[in-house]
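Trainee: Could you take me through one part of this model in detail? I'd like to look at the place where the two chains meet.

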Amino acid sequence: MKKSLGIIGIFLAIFLIASLFGENFLTGLNLQNLTNRTALYSILALGASIVIVTGGIDLSIGSVVCLAGITVPWLLVEFEWSPWQVIPVVLAGSALIGLFHGLLITKLRLQPFLVTLCGLLLYRGIARWMTGDQSQGFQGEFGDVRAIALARFTVPGFRELGIEGFRVPATVIPMVVLAVVIGLFYSRTVWGRWILATGRNESAARYSGVPTERLTILSYVACSLLGGFGGMLFIFDIGSAQPSDFGNFYELYAIAAAVLGGCSLRGGEMSVVGVLVGAATLQLLRNTIMLVGVGSQIEFAVIGAVLLIGVGADELVRRLSARRAERLAVAAHT
Amino acid sequence: MSDLQNPTPVMLRVRGIGRRYAGLVALAGIDLDIRGGEVLGIVGENGAGKSTLLKILSGVVTPSDGTMECATDTHELRMVQLDGVRSASRAGIALVHQELNLAENLDLAGAIFLGREPSRYGLLDLPRMRREAAKWLARVGLALDPSTLCASLGLAQRQQVEIAKALSCEAKVLILDEPTSSLSAPETKRLLAIMDDLRSEGVAVVFVSHHLEEVMQIADRVMVLRDGRSTGELMRGSFDRAMIERLMVGRDLKSAPKRLIAAESQARLKVDRLVSVHRRRQAVSFEVRAGEIVGLAGLVGAGRTETLEAIAGIRHHQGEVTLDGVALTGGSVERVRRGVAIVPEDRARNGLFLEDAVSMNMSLAWIDRRSNSRLLDSGAEASLIARMTSRMQLRPADPSRRVQTLSGGNQQKTVIGRWLAVDPALLLLDEPTRGVDVGARAEIHAEIRRLSESGSAVLFASSELEEVLLLADRILVMHEGRIAGELNSHEATEVAIMHLATGGGHE
């Protein structure tokens, strides 16, 4: 929690700037869209953080989003499967992708960067080839299934704040459930504790009898599963997508959110609250850039700069605390 | 070989050389003349100061006290201040490290001239490089084409290349740090022959070795170090093995009060023809009984760590290991579940989660035994940590402290506490008190004894003879990957252990 204070501060500062200078920022519809996008990207960011905690990385998230997302309308419309067949198949397929990554990384000892970079190319290519590079959509049907992402709930209170028309998007529900489950997993279970230990010092974990390989594989499975689940929600949300660009760069938003949220790329550190706020900050930033009118071309540059400042500050804090630790250790000797 | 008292010129003279690290004396008051055409052997226990002395001689470490003089081309001695390997190499001193570090992707000529490649018009002068390299390779008896890749060479050949490299720098003093530690017997013989050649060409050869046989075979003079001081300098003809061993060990240590292990106490750990990753691939067999503490003694590289790690399932092995009559199989995960625990030699790398709190480090193994479900029981965990903190006498007794901030002794107590918390059936310790102060060492030893009294089997490896004698009920001495002998604690002496550890054998 203490680690998340920095990113919460950044979030509040940007929120303040957007409220003051952004036209139409504090409107119900804008806040509702912002919440929806935060929820969707949070799911991917949680997946990314699960892998980052082990000291690994997953660059294939965007392509998994694309392949899983595109497959849903493709099977529903072209092959006329029922949604209750499609959803389990897509989720199982996503989990298999993660299993494939995990096995290559632990058993064959390939580097996570390399394995998932190949995944990024592989799944994108498969998605485009499979669909003949044609846009896939629900063609106005399947409203009942798409409601998983599209339903909106009215909550009291916002009208009194002067914000008209804000309704909570349904995507918030899986975000909250996943965040709570993942948060409890790392703080309250043996496996969660062991994954943190593995990320911190894999060798020491192995000497302590921790099944490091199994837990690493599990982490990659969870990440790809969340990617596939997120891809499904994204396609339900937007209705149709192009296999060539759907999900592009999503892995970078996810990794950036995790890092901003306090997950060190060295592994061993996790803060669910931080990851959620990190994802929210990135979406808020995109939204603000659009509304303040500086031109959306600069979006990537701003995100890059914020990320650099964030990780730079984190590194400085780490060095300072290491120096303090050294002094304490010297004191302990004397 | 020396016929007269001073037949050969002094190449390097040191007087009163010493080195302190953070107030601890690693080396003190060393006087030494290193002569051309002479082989000087330096021997001593682990930690006697041999490495420090070599590092000073080769400019890697600057001495805290004392002076060094180097011979000029006209054999005059001139005071030098060595600050770095480069200045040592300018003074004609070259060190061949124990760990060879040749760049694998270079060919022999490239490796020999690395950093001082001959060039013409800014381009590498390859023909000249190869020509000269061939000359130096011939001098060390390596009949290989200079364009051979280093990666294709065996250990012994790599060493010869390193020596050739040293000679090509016009080295007058050649220092070899445990040159034979990773060589087979015929390779060792060849290396000794090369050293003999160099001696006859007037080079001063200084070498450190754990193998007294070699030292006695080749050295003209032997210097014995103990606890950072020279305990004797013996000329060829005036030394024998027993004499060197006595000088190496020196002190007469009182061993701990001996404990009686009931003869009928059953064997808990049985190791049958275990072959570990040790380069000699020798089979070892032994047993550890319930309530018994067995010490593995031996010099660095004798195969103690490999044996412990094989038993713990960290490394693959051949042969059978059984615990309480049931074979141990699989990796460390399965074996830890069966009650095997290992405290590794390098605690920062393999033992601790330095950035995490003491509490997390201590409960890591326990949380698995304790929780029936996979959920953590925070209340029970907190009370365990409180119990272990006081049992291990952690100072400060604050389990929320990051392990990084603790002293070496408290860090070691944290690792050992992790295992004592789960009452292991077999506790393996590799260097249980390395870098630990005297007080903490006694506390750690007491806890190990207490565990064994409750019926666990304990097997530990230590490079410090003193610790082996203090802690072990029975001592297995390893040499070159095999068990060279077994000593009961009441008959063991430092000299007896050292005799076996240096390949003396019972023969």
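Mentor: Let's go through the interface of chain A and chain B. This is a predicted model, where local features need pLDDT of at least 70 and side-chain atom pairs count only at pLDDT 80 or more, while totals for chains, interfaces and linings use all residues. Residues are numbered from 1 along each chain as its sequence is written, chains are lettered from A in the order in which they are written, and side-chain values use heavy atoms, with hydrogens and water left out.

The contact (heavy atoms within 4.5 Å) draws 26 residues from chain A and 37 residues from chain B. Together the chains bury about 2700 Å², with 57% of it on carbon and sulfur atoms; buried area here is the accessible area (1.4 Å probe) that two parts lose on being put together, summed over both. On the chain A side, A:Arg193, A:Arg200 and A:Tyr207 lose the most area to chain B, together 29% of what that side buries.

Now for the charges. The rule finds three salt bridges across the interface, each a side-chain nitrogen of Lys or Arg within 4 Å of a carboxyl oxygen of Asp or Glu. In one of them, A:Arg200 pairs with B:Glu355, the closest N and O atoms being 3.9 Å apart. As for the make-up of the chain A side that touches chain B, its residues split into 13 nonpolar, eight polar and five charged, where Asp, Glu, Lys and Arg count as charged, Ala, Val, Leu, Ile, Met, Phe, Trp, Tyr, Cys and Pro as nonpolar, and the others, Gly among them, as polar.
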